[in-house]
Amino acid sequence: MKLVLIAVVALVLLGAGASMLYTVDEADQAIIVQFGEPIGGVIAEPGLKVKLPWQNVRYFDKRLLVWDGDVTQIPTLGREFILVDTTARWRISDPLLFLTSVRDEAGARTRLDDIIDSVVRDMVSSTELEEIVRSKDWEVNVEDLEDPTLAERSDVNLEMQPKLGRELLEQEILTRARASMPALGIELDDVRIKRVNYIDSVRQQVEQRMIAERQSIAERFRSEGRGRSQEILGNMERDLRRIRSVAARKAEEIRGNADAEATRIYGVAFNADPEFFSFFRTLESYRALGANSTLMLRADSDFFRYLEQSQGLE
């Protein structure tokens, strides 16, 4: 009986001892809670710790935590409706104050939703779109643009120097949001705008405008191409006429020289033997007559002189 009692007491003591021991990880910090109220200070040193059996331990992460806001539709100062996606990095700086104000990380994210979203909405709605998407040191030399039509756009001033720019705008959002964090035991480390986009209806209008601009640029290139094509064809036609003219003149010169040379040769041949030359030319005339040629000549014509002579020889 005594052994059973001793065993029961040992088990009770063992259970109580187990419930009195807890560990704190290097990435965590802890607070002892008794009947729902925090007891003592923050336990930041890692290792094995002791508490009373009826006390609980609440752990809080020391590391940098991530907050991602919902994509929000916000009008800019120029009334362009845009979708803004924001993210932030934060940590628990005062676990005791954090526990009493927001209880846990879920409650903290809810408060961050309210605070950061409100600041972002106020800043974006009071800022021009160019200030949100450009950097402060962003500069454009209109004279160096490959597409000169961009300088003629009336909806965007490419030469305007941003007053804030994306970086300073994010810094101002961080400064304003930080003002509400000390009361929550939170340290806000950074706030960034991840993405800015037009809403669907505005995006479609922008896309249609971009398509129209690209088509205008394409038509300008086509017009320039057609003009250049006509210029090239005109130059080619002029060169062809010049080449043909030169070739025709050269051909006439060659023909003239050939005719002169032929006339000279005929002259030399006629002077060497006039009778043979006359005979040769007459034969050429005979050869030129077709099979169905009909000539009306006198019987004593010189044209038949060699024919009559050839018959007489027979």
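Leu-65 has Trp-90 of strand S8 as its bridge partner. Strand S6 (residues 65–68) and S8 run antiparallel, joined by four bridges. Trp-90 in turn pairs with Leu-188 of S9. This is a predicted model: local features need pLDDT of at least 70, side-chain atom pairs count only at pLDDT 80 or more, and totals for chains, interfaces and linings use all residues. Residues are numbered from 1 along each chain as its sequence is written, and side-chain values use heavy atoms, without hydrogens and water.

Strands (E, at least two residues) and helices (H or I, at least four) are DSSP runs, numbered from the N terminus. Two strands pair if DSSP finds at least two bridges between them.

| Strand pair | Bridges | Direction |
|---|---|---|
| S6 and S8 | four bridges | antiparallel |
| S7 and S8 | four bridges | antiparallel |
| S8 and S9 | eleven bridges | antiparallel |

Pro-75 has Phe-81 of S8 as its bridge partner. The S7–S8 hairpin has five residues between its strands, and Arg-79 there takes a positive phi near 70 degrees. Arg-79 is exposed, at 57% relative accessible area. Exposed means over 50%, buried under 20%, partly exposed in between (1.4 Å probe, protein chains only).

Arg-103 also has a positive phi, near 75 degrees. Arg-103 lies in the loop between helix H2 (95–101) and H3. Arg-103 is partly exposed, at 43% relative accessibility.

Helix H5 spans residues 165–178. Its buried residues include Leu-169, Ile-173 and Ala-177. The buried residues of H5 pack against helix H3 (105–125), helix H4 (129–133) and strand S9 (186–198); contact means heavy atoms within 4.5 Å.

How values were computed
The expected span of a helix is 1.5 Å times one less than its number of residues.
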